[in-house]
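This report describes a structure with its sequence. Please look through both before reading the account that follows.

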Number of protein chains: 2
Amino acid sequence: MVAELKEKAICDICEVFNPDNQVVEVMKEKELADEVVYDLAELFKTMGDPTRIKILYALKERELCVCDLSELLEMSASAISHQLRVLRNNKLVKYRKEGRSVYYSLDDDHVMCLFGQGLEHVLED
Amino acid sequence: MVAELKEKAICDICEVFNPDNQVVEVMKEKELADEVVYDLAELFKTMGDPTRIKILYALKERELCVCDLSELLEMSASAISHQLRVLRNNKLVKYRKEGRSVYYSLDDDHVMCLFGQGLEHVLED
DNA sequence: GAAATACTTGAATAATTGTTCATATATCAT
DNA sequence: ATGATATATGAACAATTATTCAAGTATTTC
């Protein structure tokens with residue numbers, strides 16, 4: 001059962017179920033296209049900051065506005081807004097305006113998947 | 001069958017099979033411990049550089065020595081060595097000495113898992 | 001309209017980072 | 001020992017980055 005799924009898996013822990021997925025193809029390539037390398041680096045760099053990690057984690061269940069995040073992380077609204085822009089530019093969060101508030105939420109599931117995988121690495125040994 | 005596995009999953013795409021895994025527990029927490037936040041950020045920051053992405057990807061199947069990597073990426077051995085140190089410090093690669101060469105390889109599966117998840121995000125839309 | 005609130009943005013500054021260059025260590029061949 | 005090869009490391013420099021501060025826009029309330 002598990003073996004069956006593993007056929008298309010990149011590794012034992014993280015399974016990719018989408019059968020005709022580009023990822024599997026790209027991972028088989030000998031060299032990565034420069035653009036892919038650059039984009040990947042940008043993605044990881046974006047997740048490579050404690051403030052942004054906290055923001056993403058805070059958004060894991062519910063959407064929050066800038067001032068919610070500002071209070072939660074005990075940082076200025078300006079600092080939070082700057083970081084949200086970085087997250088937005090890298091498609092890690094999306095937003096929704098309501099009155100004078102702007103509500104942010106995670107853009108897709110990949111973010112928390114990466115989080116989980118990262119934790120696997122960090123928590124081991 | 002898949003549903004059965006999904007019970008313990010963090011998200012639809014990336015499955016965590018280890019049943020008594022710390023990750024699942026940590027992800028349920030409201031707040032992340034500062035140390036975990038910092039370590040996660042360090043991990044992602046480490047993967048957030050094109051040169052290091054290329055090194056990791058080059059090591060995905062076979063171990064390589066510094067001068068192999070140096071030729072492959074067309075960079076000085078010094079630059080490669082500096083980056084390998086960063087990767088070593090963050091436990092993303094391990095090494096093995098043989099004569100005057102030092103062979104580097106990926107430290108564990110998580111690295112390529114993160115890669116796969118990262119690609120999922122980068123390649124979509 | 002005026003004041004208040006929520007957020008964004010640009011400039012400035014301090015801190016961090018990637019690469020280069022020079023130098024150092026270790027191993028091997030002669 | 002000497003010279004050559006493979007790697008590591010420290011200092012230096014340019015480039016990038018996170019936060020702060022001040023000023024800007026947009027929306028609501030009075």
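Two residues are in contact if their C-beta atoms, placed from the backbone, lie within 7 Å. By this criterion Leu56(A) touches Leu92(A), Leu106(A) and Val111(A), not counting residues up to four places away in sequence.

The model is predicted: local features need pLDDT of at least 70, and side-chain atom pairs count only at pLDDT 80 or more, while totals for chains, interfaces and linings use all residues. Residues are numbered from 1 along each chain as its sequence is written, and chains are lettered from A and ligands numbered from 1 in the order in which they are written.

A residue is buried if 20 or more other C-beta atoms lie within 10 Å of its own, exposed if 12 or fewer, and partly exposed in between. A nonpolar core is a set of buried Ala, Val, Leu, Ile, Met, Phe, Trp, Tyr and Cys residues joined through C-beta atoms within 7 Å. The largest such core has 56 residues, of which Leu56(A) and Leu56(B) touch the most other members.

**The DNA strands**

Helices (H or I, at least four residues) and strands (E, at least two) are DSSP runs, numbered from the N terminus. In the table, Ala, Val, Leu, Ile, Met, Phe, Trp, Tyr, Cys and Pro count as nonpolar, Asp, Glu, Lys and Arg as charged, and the others, Gly among them, as polar.

| DNA strand | Residues near it, by class |
|---|---|
| C | 9 nonpolar, 10 polar and 5 charged residues |
| D | 9 nonpolar, 10 polar and 5 charged residues |

Around DNA strand C there are 24 residues, and among the closest are Cys65(A) and Gly99(B). H6(A) gives the most to this surface, with 6 residues.

Two strands pair if DSSP finds at least two bridges between them. Chain B has an open sheet of 3 strands in the order E1-E3-E2, with antiparallel pairing. Strands E1 (64-65) and E2 (93-98) of chain B are at the edges, each with a single partner strand, so one side of each has no neighbour in the sheet. E2(B) and E3(B) are joined by 6 bridges, and Tyr95(B) has Tyr104(B) in E3(B) as its bridge partner.

**A loop residue**

Glu74(A) lies in the loop between H5 and H6 of chain A. Its phi is positive, about 50°, although Glu74(A) is not a glycine. Glu74(A) counts as exposed because it has 6 C-beta neighbours inside 10 Å.

Note on methods:
A residue is near a molecule or strand if its C-beta atom, placed from the backbone, lies within 6 Å of it.
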